[in-house]
Amino acid sequence: MKIDIRRVESKRTGMEEEMAQVSKSLQTVLARFKRALKYRKTQREKLFDEAAKVARRRMETAKILKDVVIKLDKTKSSLERGSVKLAQTEKEESALKGKYKELLMGRIPADAEGIDEILSDNGHDLARRKKIFLNRLEDAFAELDRKIEETRRQKGELPATLEKYKKTVNYYERKSGILKKTLKMYKSELVNYDSEIADTIEQEELLLQEYTDFSERLGAVASIPGSMERLLEKNLGETNGNNSSL
């Protein structure tokens, strides 16, 4: 009986090469799936981390803005009170100057201490009453001088204080505007991150679904009919038997 060994060996060699190629192709596909899934996981985690950082900065900025708004409101209140005080001081100064002019014109205030007694027409001790009157008049001028000087001092100090308040208000308003723009920017960034995260998760799910489909197709291809199973078992059995007898 003539046996063609070369034909069998040729088929064996061809099969082994094909099996090696199939195995290599399968490993390449699986490795690509693995790398792609790892990349998507890395992207997802990176986006989550970056979004969390932006969210923290947004919270910190919101807290700073809240503090700035509180300081701005307090400064505005101080500015308003200072403006009212300046108006009152100017009004008070005008009233004091009016009283001063009345004294210069000889009009004695009705509430001057002891003025009724001094001006009583009893005709006695005029010199003494004149002295008391002049002392009272001098005291009234001195009191008016003191009050006018005090209002002038306040009126001189208040404009500088008000200007300081105005500059502080302008500073806090500018800072508030910048912080609001920053918050708006952070909000926009978070919206973008949400979109990117949703996109990368969608891509990751598509990859997983494709792998599932591929695995199912591979399983269907890898399943063998009963006749082939019996043939393999027979030859494997004979091989195992030969090995065990060695």
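User: How should I read the accessibility of Asp67, and is this residue buried, exposed or partly exposed?

Analyst: The general idea is a scale of relative accessible area, computed with a 1.4 Å probe on the protein chains only, where buried means under 20%, exposed means over 50%, and partly exposed covers what lies in between. Asp67 has a relative accessible area of 32% and is therefore partly exposed. Please keep in mind that this is a predicted model, in which local features need pLDDT of at least 70 and side-chain atom pairs count only at pLDDT 80 or more, while totals for chains, interfaces and linings use all residues. Residues are numbered from 1 along each chain as its sequence is written, and side-chain values use heavy atoms, with hydrogens and water left out.

User: With which residue does the side chain of Asp67 meet in a salt bridge?

Analyst: Side chains of opposite charge can pair when their charged atoms come close. The rule used here asks for a side-chain nitrogen of Lys or Arg within 4 Å of a carboxyl oxygen of Asp or Glu. Asp67 meets the side chain of Lys63 in this way, with a distance of 3.7 Å from N to O. Both residues belong to helix α1, which covers residues 5–104, and they stand four residues apart, about one turn of the helix. A helix in this sense is a DSSP run of H or I with at least four residues, a strand is a run of E with at least two, and the numbering starts from the N terminus. Lys63 counts as exposed because its relative accessibility is 55%.

User: How many salt bridges does this rule give in total, and which residue forms a salt bridge with Lys97?

Analyst: The count comes to eight salt bridges. Lys97 forms a salt bridge with Glu93, and the closest N and O atoms of the two are 3.6 Å apart. Because Lys97 and Glu93 are four residues apart in helix α1, about one helical turn separates them.

User: Where do Arg153 and Glu150 lie, and how many residues apart are they?

Analyst: Arg153 and Glu150 both lie in helix α3, residues 126–222, and they are three residues apart, about one turn of the helix. The two side chains meet in a salt bridge with an N to O distance of 2.5 Å. Arg153 counts as partly exposed at 39% relative accessibility, and Glu150 is partly exposed as well, with 31%.

User: How many aromatic pairs does the structure hold, and how is a pair of rings described?

Analyst: A pair of aromatic rings is described by the distance of the centres and the angle of the planes. Rings of Phe, Tyr and Trp (for Trp, the six-membered ring) pair if their centres lie within 6.5 Å, and planes under 30 degrees apart count as stacked, over 60 as edge-to-face, and the rest as tilted. The structure holds three aromatic pairs. Phe33 and Tyr211 form an edge-to-face pair, with 5.5 Å from centre to centre and 75° between the planes. This pair links distant parts of the chain, since Phe33 is in helix α1 and Tyr211 is in helix α3, 178 residues apart. Phe33 is buried at 16% relative accessible area, whereas Tyr211 is partly exposed at 35%. In another pair, Tyr171 and Tyr172 have ring centres 5.3 Å apart and planes at 55°, so the pair is tilted. Tyr171 is partly exposed at 39%, while Tyr172 counts as buried at 15%. Phe33, Tyr211 and Phe214 form one aromatic cluster.

User: Which residues make up the largest nonpolar core?

Analyst: A nonpolar core is a set of buried Ala, Val, Leu, Ile, Met, Phe, Trp, Tyr and Cys residues joined through side-chain atoms within 4.5 Å. The largest one has eleven residues: Leu65, Val68, Leu72, Leu79, Leu86, Leu158, Leu162, Val169, Tyr172, Leu179 and Leu183. Helices α1 and α3 are the elements that give two or more residues to this core, and α3 provides the largest share, six residues.

User: How far apart are Val69 and Tyr172 in sequence and in space?

Analyst: Val69 and Tyr172 are 103 residues apart in sequence, and their C-alpha atoms are 7.6 Å apart in space. Val69 lies in helix α1 and counts as partly exposed, with 33% relative accessibility.
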